[in-house]
Number of protein chains: 2
Amino acid sequence: MTTNRQIQLAELPRDKLGPEHFKLGEAAMPSAKDGELLLRVRYISLDAANRAWMQGATYRSALEAGQVMAGGAIGEVIESKAPGFAKGDLVFGDTGWQEYAALPAKRVQKLEKREPMTHLLSVYGVAGLTAYFGLLNVGQPKSGETVVVSAAAGSVGSLVGQIAKVKGCRVVGIAGGAKKCAWLKSELGFDEAIDYKAVAVGAALKDAAPKGIDVYFDNVGGDILEACLFRMNTFGRISCCGAVSQYDGQAPRHGPRGIPGLIVTKRLTMRGFIVTDFDAERGKALADLESWVKAGKLKVPEDVMTGLENTPRALIGLLAGDNIGKRMVKVV
Amino acid sequence: MTTNRQIQLAELPRDKLGPEHFKLGEAAMPSAKDGELLLRVRYISLDAANRAWMQGATYRSALEAGQVMAGGAIGEVIESKAPGFAKGDLVFGDTGWQEYAALPAKRVQKLEKREPMTHLLSVYGVAGLTAYFGLLNVGQPKSGETVVVSAAAGSVGSLVGQIAKVKGCRVVGIAGGAKKCAWLKSELGFDEAIDYKAVAVGAALKDAAPKGIDVYFDNVGGDILEACLFRMNTFGRISCCGAVSQYDGQAPRHGPRGIPGLIVTKRLTMRGFIVTDFDAERGKALADLESWVKAGKLKVPEDVMTGLENTPRALIGLLAGDNIGKRMVKVV
């Protein structure tokens, strides 16, 4: 039997995440107990939330040094000791960054097979559903309204903007770098894109969103959230999805100016969510997403790296904004 | 004919508001044009928002030096040049701080007479309706949940806590000083009260709200909002009514820590409102409030000062937390 290569969290970062916080190790092959599945890890999902888990307890408990690094992945069942699962099935679960994992069946989600398999981590996975529910259920955009999304070239943001276009909105993306901004407009059909590394976001929003912002889909928090707050229209909605500007360092020191003052005077709603809050509507969401993909209304940008040993680099690069679209690592 | 005494805004405060920012002046008696009402000002309402209006444009344009100080009041019609209004009618409107005002009829609200007249500014006025809509429509508390309210001994907070008790909630008030805190528990029936001047609010909330906070009614913003954010339960609601901690000084520098991080991980909703957003439900609200007052479930604390010349002092004191319940100035 082969051994199980894994990436362990060597040390919790106190500031910026680097390669020194990980180490490649080997462990004995896990085995499935009653009610469990033995999984071969196929594609590991990289998410900014991986870094947030190192800061403390969130919707899951905080990570600890010495553990296998946590993370979601597509796993293929190679042995099932749980009813309803058979060899060859694909599942999504928190396998961690390793080649094999044994997980209780109740902690994974069975996946309908689709081609390419990578779409199960992007448009038909957490990224796509997060974009769908966060924009439509939380943000509630109406046709003709202006939607602004940050981290717009990322896995979620790139889909948010395209879904907003499907719904007839004016869409402004905020991203880092001229290349990403040009791509948002030429490839994804965004109306405007703002390069936050090159210009002052607040001033740029006056031109890009001349009628103000009705829905702001916030992936980043911090200064960009603050700039958007000052441009929100009365009764605007802020969909709080993430705060990636705050993850790769110490705990956030303070929040944006204008809170709660602007929330009162503009009667804004800020609402946080995570994707599983909307599990009951998952079927309809997947059907909508699939129909838009098939109609060519949604392009699915993916950024696939290869090799378990590259997973730390994939996350570190994601936090620096290297990726365009959904980043993942192909393990086998 | 008599002259019209008025309090003018001599100068916009750059920091803390003081008597030097006002001056007592006299003007000619105003007269009503077509469509207008000539009003004798009876009771002037003092509100923290009066100070916020000096900081810049909010839901109304910013105040300017040299103007009569703006403010809502009960006016008695002494001459009507508008259909539907007659001598002797009572109205609520932004008369400003003066003895007489001529206002377009469409900018005032006719009041049903009630005894005592002061209740038209407290429980049956902006304070009561703000408490009612902000708690019930925005906060949506359920029986058995924990509701926390800041500025709890103020005009709005004192009613919020009592309405939450009517709805079967555990109620924690945050107020400044042992006297107010004792009064909240003994007179108004709050379950717990926290003296923010004497103890650390975050630590005190662990004891006072051991099951966490489901609804936080925020009148103050700043550090107390931050302390409550860290104690909110998953899917908790923050009703954003005001930010009095931020009004009496320069513009706010930054917001609470944990925004947007905690909003995401706890899936909180923060929503701002002003009372007129719910005008369509005003009738039902007034009927509910009146039934609770008559049943002895709502006590109506009022703090009435006398004499137009004391209005600046009344506002300065309100910003320092001198009042218990609704503060107003009886003009005649």
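Let us begin with Leu315(B), which sits in helix α9 (residues 311-319) of chain B. Helices (H or I, at least four residues) and strands (E, at least two) are DSSP runs, numbered from the N terminus. This is a predicted model, in which local features need pLDDT of at least 70 and side-chain atom pairs count only at pLDDT 80 or more, while totals for chains, interfaces and linings use all residues. Residues are numbered from 1 along each chain as its sequence is written, and chains are lettered from A and ligands numbered from 1 in the order in which they are written.

### Around Leu315(B)

Is Leu315(B) buried or exposed? Leu315(B) counts as buried because it has 26 C-beta neighbours inside 10 Å. The cut-offs are these: a residue is buried if 20 or more other C-beta atoms lie within 10 Å of its own, exposed if 12 or fewer, and partly exposed in between, with C-beta atoms placed from the backbone. Leaving aside residues up to four places away in sequence, Leu315(B) touches Leu46(B), Asn50(B) and Arg51(B). Contact here has its own cut-off: the C-beta atoms of the two residues, placed from the backbone, lie within 7 Å.

The arc is that of the directions from the helix axis to the C-beta atoms. An α-helix has 3.6 residues a turn, so residues three or four places apart point the same way. Just after α9(B), Gly321(B) takes a positive phi of about 80°.

Helix α4 (residues 178-186) of chain B has Lys180(B), Cys181(B), Trp183(B) and Leu184(B) as buried residues. Seen down the axis of α4(B), they fall within an arc of 160°, so they line one face of the helix. The face turned away from that buried side carries the exposed residues Ala178(B), Lys179(B) and Ser186(B).

| Helix | Elements of chain B at its buried residues |
|---|---|
| α4(B) | α3 (157-166), β9 (170-175) and β10 (192-195) |

### How the two chains meet

The contact takes 33 residues from chain B and 33 residues from chain A. On the chain B side, α7 (261-265) and β13 (269-272) each supply at least two residues. Strand β13 (residues 269-272) of chain A and β13(B) pair in the antiparallel sense over three bridges; strands pair if DSSP finds at least two bridges between them. Which residue of β13(B) is the bridge partner of Thr269(A)? That partner is Arg271(B).

A rotation of 180° with 0.0 Å of shift along its axis superposes chain B on chain A (RMSD 0.0 Å). The two copies are thus related as by a two-fold rotation axis. The superposition is by least squares on the C-alpha atoms of residues with pLDDT of at least 70 in both copies. Of the residues of chain B, Gly255(B) comes closest to the rotation axis, at 2.1 Å (C-alpha). Because 100% of the interface residues of chain B are also interface residues in chain A, the copies meet through the same surface.

### Chain A as a whole

Chain A has nine helices and 15 strands. Buried residues make up 53% of its 332 residues.
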